Amino acid sequence: MGAQRIFHPPLPTLAFFVMALFLHCPQSGAQQNPTSSVSPDRLDRNAFRTLFRQSMTYEKLADEAEASHDPKPYFRRLLGARFQLSDDDSANLKRLSLAYQGEIDPIHTRVVEIITRFHARFPTDVIGPGEDPNPPTELKTLEQQEDAVTLRYRDLLRNTMQEEAFKKLHATILESFGKPL
């Protein structure tokens with residue numbers, strides 16, 4: 001077998017791809033059933049990760065609009081209105097989203113560092129015979145850390161809400177964001 005030429009996509013795209021790759025790789029060589037359902041924690045992880053990120057995105061957009069002297073205060077209320085959250089629940093979502101992002105950012109920074117180091121192993125974009133083209137296993141550990149942080153913040157949000165309000169929010173965000181990757 002000869003050398004293989006490799007393609008280097010932009011790092012954020014690659015980081016997402018590598019994380020998605022680990023999600024879909026069979027564990028310990030076990031056969032995966034294509035009709036098997038995704039675990040509830042995996043669906044929650046996808047949904048709440050998206051919810052927390054969207055919350056931060058709308059806050060940043062509102063901040064940028066205010067700084068440009070074209071305020072758009074409705075950005076701060078979009079998710080609350082969309083998911084019919086009370087003012088307190090909406091404020092708690094924003095507060096927890098900010099804290100969540102603070103814990104996730106170092107993990108993402110580490111993922112980019114690992115991927116950059118991985119790319120540096122192949123400076124000519126060629127994987128030579130005998131070279132290991134597999135992504136570093138440390139990425140799986142970082143994915144597990146991110147999953148744990150996401151599910152912990154899901155539980156913190158649940159603890160700040162009335163149970164019925166959380167159940168309603170949970171069902172709505174699973175419908176909106178909980179699709180398997």
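Tutor: The conversation below goes from the fold to the core, then to charged pairs and backbone angles.

Student: What kind of model is this, and how are the residues numbered?

Tutor: This is a predicted model, in which local features need pLDDT of at least 70, side-chain atom pairs count only at pLDDT 80 or more, and totals for chains, interfaces and linings use all residues. Residues are numbered from 1 along each chain as its sequence is written, and side-chain values use heavy atoms, with hydrogens and water left out.

Student: How many helices and strands does the protein have?

Tutor: There are six helices and two strands. Both kinds of element are DSSP runs numbered from the N terminus: H or I with at least four residues for helices, E with at least two for strands. Read from the N terminus, the order is β-α-α-α-α-β-α-α.

Student: And how much of the protein is buried?

Tutor: Of the 181 residues, 36% are buried. Buried means under 20% relative accessible area, exposed means over 50%, and partly exposed lies in between (1.4 Å probe, protein chains only). The accessible surface comes to about 11000 Å², and carbon and sulfur atoms hold 57% of that area. These areas come from the Shrake-Rupley method with a 1.4 Å probe, and for residues only the protein chains shown count as cover.

Student: What share of the contacts joins residues 24 or more positions apart?

Tutor: Among contacts with a separation of 6 or more, that share is 78%. Contact here means heavy atoms within 4.5 Å.

Student: Which residues have the most contacts inside the largest nonpolar core?

Tutor: They are L51, F83, L157 and I173, in a core of 25 residues. The elements giving two or more residues to this core are α2 (40–67), α4 (87–120), α5 (138–160) and α6 (163–177). Helix α4 gives the most, with eight residues. A nonpolar core is a set of buried Ala, Val, Leu, Ile, Met, Phe, Trp, Tyr and Cys residues joined through side-chain atoms within 4.5 Å. In soluble globular proteins, nonpolar side chains tend to be buried together.

Student: What does L157 touch?

Tutor: Apart from neighbours within four places in sequence, L157 is in contact with F48, L51, F52, L93, L96, F166 and L169.

Student: How far does α5 reach from its first C-alpha to its last?

Tutor: Helix α5 has 23 residues and reaches 33 Å, close to the 33 Å expected at 1.5 Å a residue. The expected span is 1.5 Å times one less than the number of residues.

Student: Changing topic: how many salt bridges does a search of the whole structure find?

Tutor: The search finds 20. A salt bridge is a side-chain nitrogen of Lys or Arg within 4 Å of a carboxyl oxygen of Asp or Glu. Side chains of opposite charge can pair when their charged atoms come close.

Student: Which residue pairs with R42?

Tutor: R42 pairs with D147, and their closest N and O atoms are 3.1 Å apart. This pair links helix α2 to helix α5 across 105 residues of the chain. R42 counts as partly exposed because its relative accessible area is 24%, whereas D147 is buried because its value is 13%.

Student: What about E146?

Tutor: E146 forms a salt bridge with R49, again with closest N and O atoms 3.1 Å apart. E146 is in α5 and R49 in α2, 97 residues apart, and both are buried. R42, R45, R49, R53, K140, E143, E146 and D147 are linked in a network of salt bridges.

Student: Is D44 buried or exposed?

Tutor: D44 counts as buried because its relative accessibility is 6%. It lies in helix α2 and touches R49, L151, R154, H170 and L174, residues up to four places away in sequence not being counted.

Student: Finally, which loop holds Q84?

Tutor: Q84 is in the loop between α3 and α4. Its phi is positive, about 50 degrees, although Q84 is not a glycine. Q84 is exposed because its relative accessible area is 56%. D125, also not a glycine, has a positive phi of about 60 degrees, and D125 is placed in the loop between α4 and β2 (126–127).
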